[in-house]
Amino acid sequence: MPSALPLPSPGGATEDGVDITALYAWGPESGCAGVDYSADFELTNQGTEKATYTLTFGFLSASGGAVDNGERTVEAVGPGRTVKGTVVMREAVANPPAVTGVRVTKVRSVPEAEASTAAGPCPKSGVRLYADQGDAAMGLRVVGLHLVNCGPRPYRLDGFPKLELEDADHETVKGVRILRGTEGISTGLGGDGGPRPVVLGPGEAAVASLAWRNTTQAGEAVNAPYVRVWARPAADPVMVVPELDLGTTGELGVGPWREDETYRGSATTPATPSARP
């Protein structure tokens, strides 16, 4: 049986409509070393439309330092509705410090009508659009936008994705130049050159690159967790969460759509993103 641990935890237990209601320690399972921890929470949609949430929790030691994180996705929460859930952290390190608290470290929400998906039923648009985890090195960031034709008919792309940036409060981020092509950020990122027509048959995929630097100099740093993406002018928008940390550079490069020849999947199976260049 689990042992209840005291709340509230260091750093607070409430943020952006998420309340932590309980924290538990579980004894070692048969054949497993260590202790498992879980936390119960309540999530209230404080917005005006149905949304899908990704919640990140930090499990803390007695000193307030992070032991590990846990993440939960909660889908289709209606406006004003409160739902309950549980997040689990399983220790994987040898002799970890005991967990004595938990806090909400990040809350991300996407309108349900614009939620991205890499698997599951094919959307009514006939395509899946999602972002990968990206690469980061020496202040350079690269994220891939992936589009999979999961419908029965060919899907034509010709140009660049249209983007709109939003901050953590879903306010439009202004003052960022969106460059056509990624060569203005760095060369060799896969987003150089002009657009070419791409026609995707059922089960085929395309990719476009987002690139930026998080250099911080004079001025206020810009963070834009959310990007609303239109694959082509008449497409329905899809919101992805690449966590753009643009620093004070004021620039984001976007490459043209190109066929993803390394994609392995079909119209009905989960996507396997191509390796980043």
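**Disulfide**

I looked up the cysteine pairing and found a disulfide joining C122 to C150, S to S 2.0 Å. I took a disulfide as a pair of cysteine sulfur atoms within 2.5 Å. My search of the whole structure gave one disulfide. This is a predicted model, where local features need pLDDT of at least 70, side-chain atom pairs count only at pLDDT 80 or more, and totals for chains, interfaces and linings use all residues. Residues are numbered from 1 along each chain as its sequence is written, and side-chain values use heavy atoms, with hydrogens and water left out.

I checked the handedness next. The S-S torsion of C122 and C150 is about 75 degrees, so the disulfide is right-handed.

Then I placed both ends. C122 sits in the loop between β8 (101–111) and β9 (127–131), and C150 in the loop between β11 (140–149) and β12 (155–157), so the pair ties together parts 28 residues apart in sequence. Strands here are DSSP runs (E, at least two residues), numbered from the N terminus.

I also read the accessibility. C122 is partly exposed at 33%; C150 is buried at 8%. The cut-offs are relative accessible area under 20% for buried, over 50% for exposed, and partly exposed in between (1.4 Å probe, protein chains only).

**N45**

I moved to N45, in the loop between β4 (36–44) and β5 (51–60). N45 is buried, at 3% relative accessibility. Its side chain reaches the backbone oxygen of G78 at 3.4 Å. I listed contacts (heavy atoms within 4.5 Å). Leaving aside neighbours within four places in sequence, N45 touches K50, A51, Y53, V77, G78, P79, G80 and R81.

Terms used:
Helix = DSSP H or I, 4+ residues; strand = E, 2+ residues; numbered from the N terminus. Polar contact = N/O pair within 3.5 Å; in protein donor to acceptor, adjacent residues only side chain to side chain.
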